[in-house]
Amino acid sequence: MITLRRSLLVVVGMLVTGVTVAYAQVPDAPPAEIPYLGNRTGVWIVAQLHILFAAFILGAPIFAVVSEWLGYKNQDPRYDRLAKEITQITVILYSMTALTGGLFIFVLLATYPDFTTWFIRHFFLIFAVIYPLLFIAETIILYTYFYTWDVLKGEKKGRHIALGVLLNIVGTTTLFVIDGPTSFMNSPAKAAEMPLIEYIQTAGLWDKVANYSWMPMNLHRLVGNVTFGGFIAGLIAAYMYMGSKSDEERAYYDWMGFVGNLIGVGALLLLPFMGYLFAYELCDYDASICPYMMADQLSMFFEMQGAMVGLIFLGSNYYIWLSMKRIQGVEQVRISGLVMLTVILMPAVMGFAWWRFPVPDPISLIFLGLLIVLPPLLSKLPGLRFTVSSFTMIKVGFLMIVVADAIWLTPHAFIATGAMEGEELPSWASELALMPAKNAAAFTLVYLTIVNYILYNRAIKRGTIIWGKIDFASQFVLIFLAFSVIWTMGLMGAVRSLTRKYFHVYNLVYDFTPESFTPTLRESGVWITVITLIFYAVVSFAIIVTLRAGDSKEPVAEASPVPAGAK
Amino acid sequence: MLKSIVKKGMIGVLVGIILVIVARLTHFPPMFQAMFFIYAILGAVVFILLDAPSMNRIEGGKAVVALVLFYVVLSGVYIAGASLWPQYDPEVEKGKIKKILKAKRAKTNLGKQEELIARAKALAERAKSITKQLNALGAGAQVASQGASEVAFTMGAASGDLVALGKEQWDLQECYNCHKLFGIGGKKRGPKLDNIGNLMTPEQLYEKILYPKRWMTEGFEKQYKKGKMPDKYRDLMEDSEVQALVAFLSTLRDTSVTTPKPIKMKLK
């Protein structure tokens, strides 16, 4: 019955798409007008919601299959249960992805009929054949993966994991395929000394798909989806932990929250570099995009992004801190004082290295390598064997998160556009606003987070971890992290879309509507919050319906409960 | 607990004040000084949280209320955060976009229809006005002379304003983002152009704008190699707009400013 309902939702999504495509065929159909919100905001909300659901259904299976494999390899049933619960929620949210996807096309066709029809015609093979086929294949594999969980077990578990891998291959292919038209809107393929419009008329589908920002967008979204999946797993764990009635359940969901955060943070460490690569390619495509993003209309959006990144790093490291506080014997864990010195010196040393030997000069990477490798090696020498406690190291790490984020946030001027004399950084400190300083700040955040996880690993090896006894505040930290990551995704999604300026397709198709200007950060902040709250409400509902409702029927966990004290 | 909060809070404020004083002495603008103070307070909040006692478990309805409140606070903080940064005024951009899109829109079917309607309306208004004047004065000659002076004025404005139109294109295409002119704009991405009129002919300027790879500037080899000058203007600008921009650039002949020499490149 449930399967039937879910399948019906998917079919409804496809029907909506079909009807709207038919609507688009009516010649000269006037654009619809969305009352109160306006067309752009309406499309913005629906598109961003669709992207959030899609990010989850693409990121969560990666998370699930890795977890299932870990459970199989280590014979730890917790991982298997985690993977199954995540997949269960993915199945529900899959229907929402289809529904919002259909709604997205419907709204797009109704509000921007001319452009949407033009766009579909240019990518007809993708929209009419490749994407639907992949979507159908993914639907079949996802449902098979979920409903064969209890059938393909024991010796057949390998086959089930293979099915999960296949699901991810199809899912990632779907992502890469749909990124083609999306990235085309930002950086349409061009040829030297040939008018863009003429080239696009003659270019093949592959030329249009494999544009400048396609691969950076693929990588950015892929890593972003894993991050997203990890933090949403943390959110699920937090909800379930808060509602748990037994110590066993609390122990399990405490552990699940830790794993979700670990995966989320692990992928998050790569995200700034993926984002940098994406922005780099956009600027390489058209250098005028760069000032628009970094120095002009969108400059304060990047200030907000810097603040969000800082908060996310503070939150994820605070969660490690709370996790460590409940480990018995953590006081004995120590680390070389040279590592602490490295964390303190990294922004200055790497800032200098990248200023003197800018990217892609490999000498700066030699600096980085030495800075990371030398402290553990030198700490073995007599006279350099001084150590600090894990808590001291983490506290210094928190101080450096604030310092690194302050560097990340330092602009040329705190002005949305056109800084005047007297508002700019003093000339002696102008390097703080440039990329070498930003790179150094990003590496410091990443490095100290890794050091904190190394400390955590040492603590659980030497001490005893008591799952289920974590500070209750940690659950709010997990919820905070998921909320902040979704909000940041919304912010950066808006930035990517706004870099097209007053074009539907950059430099190619003009947006003549009165809404083709850059909205203020304030207005964007309101809509991003609204989108985040809607997404949160749906995901919360899905978690409650799927897992909490299931609790009353199955009070005993399918997998073995985790004994308190297990590592 | 309270003692710890007060102690750490006071340290945060103290560090913040020291940072503000140092920032002021080293010529950081006020907004930067305020940010340094905020970082110090943030650091204090972090250290208060690190040493905070464990939170008690919340269950049932209380947990739901706590969650809803938490979301309300988070939403409020993020909206306030986004609102507190300096805001760009969209009205500035709207004016620019309107000017840029006017010519493009006129080329579309919708634009042509709108133009025809606008012309018809203007003609109707004019006819109404002439009829009104004829009826009131009964002097056709007076109306004719008024029309002639209008034509002369328009022609004068058209020829005399070419440079002004070019200056407008300079602003609309945001050339100032890369090129410094009259001491304003530019961030090392492109050369100063105050003396470009003495270094390039109008034809060469025209070629450089539309086909940037055909000309390189001394000292900007790296930027040339990376293709920093966008090659989009032949797609985006009307010929008349390029002509106007060239006319404006040709007037830039300030020899007191060093404009590096452009070099003609041979393309494969």
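Predicted model: local features only at pLDDT ≥ 70, side-chain atom pairs only at ≥ 80, totals over all residues.
**View 1. Chain A as a whole.** Let's start with the overall build: chain A has 19 helices and 6 strands. Buried residues account for 51% of the 567 residues in chain A. If you take the contacts in chain A with a separation of 6 or more, 84% of them link residues 24 or more positions apart.

**View 2. Where chain B touches chain A.** Here 47 residues of chain B are in contact with 53 residues of chain A. On the chain B side, α2 (30-50), α3 (60-84), α4 (90-107) and α11 (233-236) each bring at least two residues. The biggest giver is α3(B), with 10 residues. Sort the chain B residues that touch chain A by kind and you get 26 nonpolar, 10 polar and 11 charged.

**View 3. Two helices crossing in chain B.** Zoom in on helix α7 (residues 162-172) and helix α12 (residues 239-250) of chain B, whose axes come within 7 Å and cross at roughly 100°. That angle means α7(B) is roughly perpendicular to α12(B), since 65 to 115 degrees counts as such. On the α7(B) side, the residues that meet α12(B) include B:Leu162, B:Val163, B:Leu165 and B:Trp170. Among their partners in α12(B) are B:Ala244, B:Leu245, B:Val246 and B:Phe248. The residues of this contact split into 10 nonpolar, 2 polar and 2 charged.

Terms used: Residues numbered from 1 in each chain as written. Chains lettered and ligands numbered in written order. Contact = placed C-beta atoms within 7 Å. Helix = DSSP H or I, 4+ residues; strand = E, 2+ residues; numbered from the N terminus. Nonpolar A, V, L, I, M, F, W, Y, C, P; charged D, E, K, R; others polar. Buried ≥ 20, exposed ≤ 12 C-beta atoms within 10 Å, placed from the backbone. Axes fitted to C-alpha atoms, helices over the stretch in contact; angles between N-to-C directions. Parallel < 35°, antiparallel > 145°, perpendicular 65-115°, else oblique.
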